[in-house]
Each structure stands twice: as C-alpha cells, then as structure tokens.
Amino acid sequence: MSRLSGKTSLITGGSRGIGAAIAEKLAQEGSHIAFTYLSSPEKAQEVAERLKSYNVKVMAYQSDASDHHAAKDLVSKVIEDFGGLDILVNNAGITKDNLILRMSEEQWDQVIQVNLKSVFNLTKFTVAHMMRQRKGSIINITSVVGVFGNAGQSNYSASKAGMIGFTKSIAKEVASRNIRCNAIAPGFIETEMTHVLDEKTKENFLKNIPLGRLAQGSEVADAVSFLASDQSSYITGQVLSVCGGLNM
Ligand code: NAP
C-alpha cells in the first residue's frame, strides 16, 4: 500500500512549478488531490488530467489564497467534495523584487498578502477541521532566504521568515491534537519563478551550492511527501532545507 493511501491533500498553487510537482508526488503516493490556481486555468486542467492517471480523485479550484473569505469557502468545499482533509501544503507564492529605496508599498503589501496572509487563511480553516478529526499534517513552503535574507528581496524574505515563526507557533498550538506543522525551505529550484532571474544572480547562487546544480520541483516534493506521511510522525515545528547545501 502507498504511504498516503486514502488521505486527502490540499495544495495551494498547484498549477505550475513546485506546487504541481508536489501534487503529482502526493498523488503517486496514493493521496486524493485538491489543488488551487489563480491565473492559469489551462495549466491547472493539464495537471488535473495528468494526476488522474494515478487512480486518485483530483479537483482543481480557482481560489485566491490571500483572500480570507475565499479560503474559508475553499476549505469547506474541499471537505464537502472529498469527505475530509488530512494534509495541507501552503505553497502559493510570488516575488516582487526591488531594493528597499525603490520598493513600492504595493510591492510590499502584495508579497506579504500572497505569501504570508495566505498561510494564516488556509491554516486557520483547515486546523478547525483537523482538530475535530484529531490528526493532520501541515507543510509550509518557505525559502532559504527567509533564514539568510537576500538583497533585493526584503518583502519576500520577510514573508518567508514570517512563515517560519508561524510554523513553529502553530506546531506548539496543535500538537496535543495530533496535528503536525513543519516548513520546507527550498534553495534554488528550476521553475518560472527562477527563470526570470538574470544570469549573474544565478551564477552567484550556483557558486554557493555545494551540490553544484539547481534542483527540480520533484526533489522538494519528495520532502513534502515524507513530512505528510506517518513516517515523520515525531517531527513537528521544524524547517527542512532542500537546498543542495546552499550557504548564502
Ligand atoms: P511559480 O512557478 O511562480 O508558481 C506559483 C504558483 O502559485 C502557481 O501555481 C500560481 O498559480 C500560484 N499562485 C500565485 N499566487 C496565488 C494566489 N494568490 N492564490 C493561489 N495561488 C497562487 O512558483 P514556484 O517556483 O513553483 O514556487 C512555489 C513556492 O515555493 C512559492 O511559495 C515560492 O516562494 C517557494 N520557493 C520557490 C523557490 C524556487 O527556487 N523556485 C525557492 C524557494 C521557495 P497561477 O499559475 O494560477 O497564477
């Protein structure tokens, strides 16, 4: 039997990149999959069709993770459609990079809303359900820059550092109900988010990666699958870096 057989997972931002890889890995492991997207309905449809080949139930929902009321409606709908919810992966995220002197209030607010407030939104409504069923695993996709910081990414780094504090606090709040909450800090993963970086930035990153290469989304997904499963039953409140040893 696959290690997530019979479970239901909700992944935010599953239409592309790391989120799509996570959705696929959890489906391979036997989990039913609910995932969200915002602006890529065709890509979401492609992912949903691909995942159905794993003989699990798959549904894609258009929902803005940064919208509190939309998150409430989403969680209710997923529980109604699937009959439960066991695993939440807060993956949706954006970048709006700029040096602090040039950063607009809008760039700051958007990144904090999408990357950090979304995690509060989804976790709040999912935990209410997980508490009643007295089990669950929440995995937040933060970033190594939330630990090390990065010039030109003060908004993004602050949102990702905020996710780490949130993860550790929630782990303490819900542990007595057999709910675990962990974070994964990817380093430099090949997705549309990193394709926009200039060559100099990429070269600088590569110089500092002992494994000497970028990672694929599937390598982050493998870590998510472990933290989602009962094989990590004594792990909570932790940040697992998937970064090739990167030291910024
Ligand atoms: P990506 O390729 O840009 O994909 C982002 C995903 O998030 C898309 O599915 C997008 O949906 C969704 N999304 C964006 N805003 C949303 C919103 N408001 N509500 C719901 N969904 C939303 O990004 P990625 O590289 O896969 O990154 C995934 C996560 O990993 C992010 O949290 C990112 O910060 C983190 N991360 C990435 C790297 C990296 O090197 N790539 C490193 C560290 C951490 P639509 O396509 O429908 O708009």
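Helix H4 covers residues 105-133, 29 residues in total. From first C-alpha to last, H4 reaches 41 Å, close to the 42 Å expected at 1.5 Å a residue. That expected span is 1.5 Å times one less than the number of residues. This is a predicted model: local features need pLDDT of at least 70, side-chain atom pairs count only at pLDDT 80 or more, and totals for chains, interfaces and linings use all residues. Residues are numbered from 1 along each chain as its sequence is written, and side-chain values use heavy atoms, with hydrogens and water left out.

**Helix H4**
- H4 has a kink of about 35°, centred on Lys117. The bend at a residue is the angle between axes fitted to the seven residues ending there and the seven starting there.
- Helices (H or I, at least four residues) and strands (E, at least two) are DSSP runs, numbered from the N terminus.

**Sheet**
- Seven strands form an open sheet in the order E3-E2-E1-E4-E5-E6-E7, with parallel pairing. Two strands pair if DSSP finds at least two bridges between them.
- Strands E3 (58-62) and E7 (239-242) are the edges, each pairing on one side only.
- The twist averages 20° from one strand to the next. Axes are lines fitted to C-alpha atoms, for helices over the stretch in contact, and angles run from 0 to 180 degrees between N-to-C directions.
- E5 (residues 136-141) and E6 (residues 179-186) pair in the parallel sense over six bridges. Ile139 stands opposite Asn182 in E6.

**Helices on the sheet**
- Helix H2 (residues 41-51) packs on the sheet and touches E2 (32-37) and E3. Contact means heavy atoms within 4.5 Å.
- The direction of H2 makes about 170° with that of E2.
- Helix H9 (residues 217-228) lies across E4 (87-90), E5, E6 and E7, at about 165° to E6.
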